[in-house]
Amino acid sequence: MGYLSGAYGKLMAGKMVRSIQYEMTRVQSQLRRITKQVGNMEKLFSAQERNIKAQMQAQMQGSIFGYAQELGINLNDPSAMKNIGQDYLMMYNSFQQQQQQQFAMAQSTWQNTFEMMREAMLEPLKDEEDRLQTEKDNLESRLKLAQAEYDGKKEEEKAGAKNIAPDYTGQG
């Protein structure tokens with residue numbers, strides 16, 4: 001009876017191993033896809049942030065340069081800064097500080113916007129990634145148990161086969 005029990009158990013355990021392996025393949029595929037999406041979205045957000053920051057920086061520098069030209073200040077000639085009047089220099093410095101403050105506020109606003117976008121778009125993907133990783137870990141544990149059961153039933157089948165085999169030695 002041990003042989004039949006072992007043989008049937010081996011078949012069922014083998015079926016379970018293959019089923020878990022199939023499920024593992026499905027989960028790993030989904031996990032790779034989600035991980036790739038998270039990485040691509042992170043790259044996209046980082047590139048957009050860099051572009052916006054560069055545009056704002058260029059816009060700030062352009063407005064400061066334009067204002068300096070309106071005042072008749074040549075920023076390309078450092079010695080010309082010494083020849084301008086104190087009033088013009090104060091107006092220029094004040095305008096420059098104002099532009100830098102506006103830039104800092106705009107930069108902070110954009111950072112908050114991108115943080116909210118990341119949270120809204122990336123968090124669901126990261127949650128799904130975590131769920132799939134947990135499912136993968138669970139399947140790996142189940143696979144180890146099923147493989148151990150399969151190996152055990154295989155040994156049981158072998159032992160049962162030895163017991164039903166006729167003994168021609170006469171030793172009993």
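Guide: Let us begin with patches, which are made of residues with over 30% relative accessible area and no salt bridge, like charges being joined within 9 Å and nonpolar side chains (Val, Leu, Ile, Met, Phe, Trp, Tyr) within 5 Å. Accessible areas come from the Shrake-Rupley method with a 1.4 Å probe, and for residues only the protein chains shown count as cover. Here Tyr3, Leu4 and Ile164 make a nonpolar surface patch of about 310 Å².
Guide: A word on the source: this is a predicted model, where local features need pLDDT of at least 70 and side-chain atom pairs count only at pLDDT 80 or more, while totals for chains, interfaces and linings use all residues. Residues are numbered from 1 along each chain as its sequence is written, and side-chain values use heavy atoms, with hydrogens and water left out.

Visitor: What is the mean pLDDT of the protein?
Guide: pLDDT is the predictor's confidence in each residue, from 0 to 100. The mean for this protein is 87, and 92% of its residues reach 70 or more. Among its elements, helix 1 has the highest mean pLDDT (91), and helix 2 (residues 80–83) has the lowest (66).

Visitor: What makes a stretch count as a helix?
Guide: Helices are DSSP runs of H or I with at least four residues, strands are runs of E with at least two, and both are numbered from the N terminus.

Visitor: Why is isoleucine 164 called exposed?
Guide: Buried means under 20% relative accessible area, exposed means over 50%, and partly exposed lies in between (1.4 Å probe, protein chains only). Isoleucine 164 has 57% relative accessibility, so it counts as exposed.

Visitor: And what makes a nonpolar core?
Guide: A nonpolar core is a set of buried Ala, Val, Leu, Ile, Met, Phe, Trp, Tyr and Cys residues joined through side-chain atoms within 4.5 Å. The largest one here has 28 residues, of which Ile73 and Tyr92 touch the most other members. Helix 1 (2–70) and helix 3 (86–164) are the elements that give two or more residues to this core. Helix 1 gives the most, with 15 residues.
Guide: As a general point, nonpolar side chains tend to be buried together in soluble globular proteins.

Visitor: How do you know that leucine 132 is buried?
Guide: Its relative accessible area is 0%, so leucine 132 is buried. Leucine 132 is found in helix 3. Contact means heavy atoms within 4.5 Å, and, not counting residues up to four places away in sequence, leucine 132 touches Val27, Gln30, Leu31 and Ile34. The C-alpha atoms of leucine 132 and glutamine 30 are separated by 7.5 Å, although the two residues are 102 residues apart along the chain.

Visitor: Is valine 27 buried or exposed, and how do you know?
Guide: Valine 27 has 0% relative accessibility, so it counts as buried. Valine 27 is found in helix 1. Leaving aside its neighbours within four places in sequence, valine 27 is in contact with Leu132, Glu135, Lys136 and Leu139.

Visitor: Why are arginine 26 and glutamate 135 called a salt bridge?
Guide: A salt bridge is a side-chain nitrogen of Lys or Arg within 4 Å of a carboxyl oxygen of Asp or Glu. The closest N and O atoms of arginine 26 and glutamate 135 are 3.1 Å apart, and the two form a salt bridge. This pair links distant parts of the chain, with arginine 26 in helix 1 and glutamate 135 in helix 3, 109 residues apart. Arginine 26 counts as partly exposed because its relative accessibility is 29%.

Visitor: How many salt bridges are found in the whole structure?
Guide: A search finds 11. One of them joins arginine 118 and glutamate 42, whose closest N and O atoms are 3.4 Å apart. These two also link distant parts of the chain, arginine 118 being in helix 3 and glutamate 42 in helix 1, 76 residues apart.

Visitor: Why does arginine 118 count as buried?
Guide: Its relative accessibility is 13%, so arginine 118 counts as buried. Glutamate 42, at 25%, counts as partly exposed.

Visitor: What separates glutamate 140 and lysine 136 along helix 3?
Guide: They are 4 residues apart in helix 3, so about one helical turn separates them. Glutamate 140 and lysine 136 form a salt bridge, with the closest N and O atoms 3.5 Å apart. Lysine 136 is buried, because its relative accessible area is 18%.
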